[in-house]
Amino acid sequence: MRKTELLKSIRLYLFDMDGTLYLGDRLFAFTRELLDALKATDRRYLFMTNNSSKSVEDYIKKLEKMGIPADKEDFITSSQATAWYLQKHHPGKTLYVCGTRSLQQELQQAGFAVTEDVEKTQCIVMGFDTELTFRKLRDICYLLSTRADIPYIATNPDYVCPTEFGSVPDCGSVCDMVFNATGKRPVVIGKPSALMPELAMEKTGFSKEETAVVGDRIYTDIKSGLNAGIAGILVMSGETTREILEASADKPDLVLEDASEILKALEE
């Protein structure tokens with residue numbers, strides 16, 4: 001199928017955010033027009049992000065500052081997916097959250113108690129923690145070293161988060177650091193798991209053939225599409241380089257310089 005035909009056949013676009021629609025606090029020039037065009041052609045989009053440092057409310061405010069209107073129904077986040085997983089597999093447990101206050105509040109709103117007391121902790125949640133302290137790392141290492149059966153959940157596996165100047169360590173890098181100290185790996189919830197695309201399709205009613213993930217990372221965004229059996233569209237506006245793409249065993253269905261090529265296809 002030609003690029004234009006594939007892009008026009010998609011009815012539900014699952015957009016990664018940072019590196020795909022904006023970079024740091026800089027909105028790409030095409031983003032507003034692209035989102036407007038999807039709405040105008042009776043398509044649906046959701047913002048699907050592994051970044052658990054911000055709550056949905058935080059993302060709504062961030063997008064509004066960039067001139068993008070959004071509400072809660074426009075998001076599928078690793079925080080939401082983590083809360084769903086915890087409700088299904090570890091209901092009622094008291095959580096130690098190595099994450100931002102926003103992540104802690106989101107999990108509390110989902111019905112979980114959050115504590116900083118290791119003696120009261122029944123489950124560990126690791127997120128992208130922009131408020132990381134050595135005390136949190138020490139507490140998690142203590143819990144993993146002294147309680148062999150404690151559940152250990154990570155919101156996402158990303159090694160870095162892109163910024164305007166380069167990258168900073170993300171959840172996956174911190175998990176590796178904890179592994180080096182304890183030998184323990186978490187259950188990982190976010191992309192590349194199929195869970196978020198599956199939740200998105202269940203939420204909107206679109207089929208696999210009508211759905212695509214659009215993102216700048218092969219090992220999270222594109223892999224989640226492959227795992228869910230939907231199209232994976234890689235944009236070269238974020239983390240992935242040509243060298244990374246050539247070396248990867250996982251190949252996207254399409255490679256675009258950036259997401260503005262979707263807009264061009266819709267206009268043809």
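Student: Is cysteine 98 buried or exposed in this predicted model?
Tutor: A residue counts as buried under 20% relative accessible area. Cysteine 98 has 0% relative accessibility. Cysteine 98 is therefore buried.

Student: How many disulfides does the structure hold?
Tutor: A disulfide needs two cysteine sulfur atoms within 2.5 Å. For cysteine 98, the closest cysteine sulfur is that of cysteine 171, 8.1 Å away, which is too far for a bond. Cysteine 141 is in no disulfide either, as its nearest cysteine sulfur, in cysteine 98, is 9.6 Å away. The number of disulfides in the structure is zero.

Student: Is cysteine 141 buried or exposed?
Tutor: The cut-off for buried is under 20% relative accessible area. Cysteine 141 has 19% relative accessibility, so cysteine 141 counts as buried.

Student: Which residue is the bridge partner of isoleucine 153 in strand 11?
Tutor: Strand 8 covers residues 152–154 and pairs with strand 11 in the parallel sense, over two bridges. In strand 11, the partner of isoleucine 153 is valine 187.

Student: How many of the 10 residues of helix 8 are buried?
Tutor: Helix 8 runs over residues 195–204 and is mostly covered. Its buried residues are Leu195, Met196, Pro197, Leu199, Ala200, Met201 and Thr204. They pack against several elements, among them strand 1, strand 4, helix 4 and helix 9. The count of buried residues in helix 8 is seven.

Student: Where is the positive phi of about 85 degrees?
Tutor: The residue with this phi comes just after helix 8. It is glycine 205.

Student: Are helix 4 and helix 8 roughly parallel or roughly perpendicular to each other?
Tutor: The axes of helix 4 and helix 8 come within 10 Å and cross at roughly 90 degrees. Angles of 65 to 115 degrees count as roughly perpendicular. The two helices are therefore roughly perpendicular.

Student: How many nonpolar residues are in the contact of helix 4 with helix 8?
Tutor: From helix 4, Ser78, Ala81 and Trp84 meet Leu195, Met196 and Leu199 of helix 8. By class, one residue is polar, none is charged, and the nonpolar residues number five.

Conventions:
Residues are numbered from 1 along each chain as its sequence is written. This is a predicted model: local features need pLDDT of at least 70, side-chain atom pairs count only at pLDDT 80 or more; totals for chains, interfaces and linings use all residues. Side-chain values use heavy atoms; hydrogens and water are left out. Buried means under 20% relative accessible area, exposed over 50%, partly exposed in between (1.4 Å probe, protein chains only). Two strands pair if DSSP finds at least two bridges between them. Helices (H or I, at least four residues) and strands (E, at least two) are DSSP runs, numbered from the N terminus. Contact means heavy atoms within 4.5 Å. Axes are lines fitted to C-alpha atoms, for helices over the stretch in contact, and angles run from 0 to 180 degrees between N-to-C directions. Angles under 35 degrees count as roughly parallel, over 145 as roughly antiparallel, 65 to 115 as roughly perpendicular and the rest as oblique. Ala, Val, Leu, Ile, Met, Phe, Trp, Tyr, Cys and Pro count as nonpolar, Asp, Glu, Lys and Arg as charged, and the others, Gly among them, as polar.
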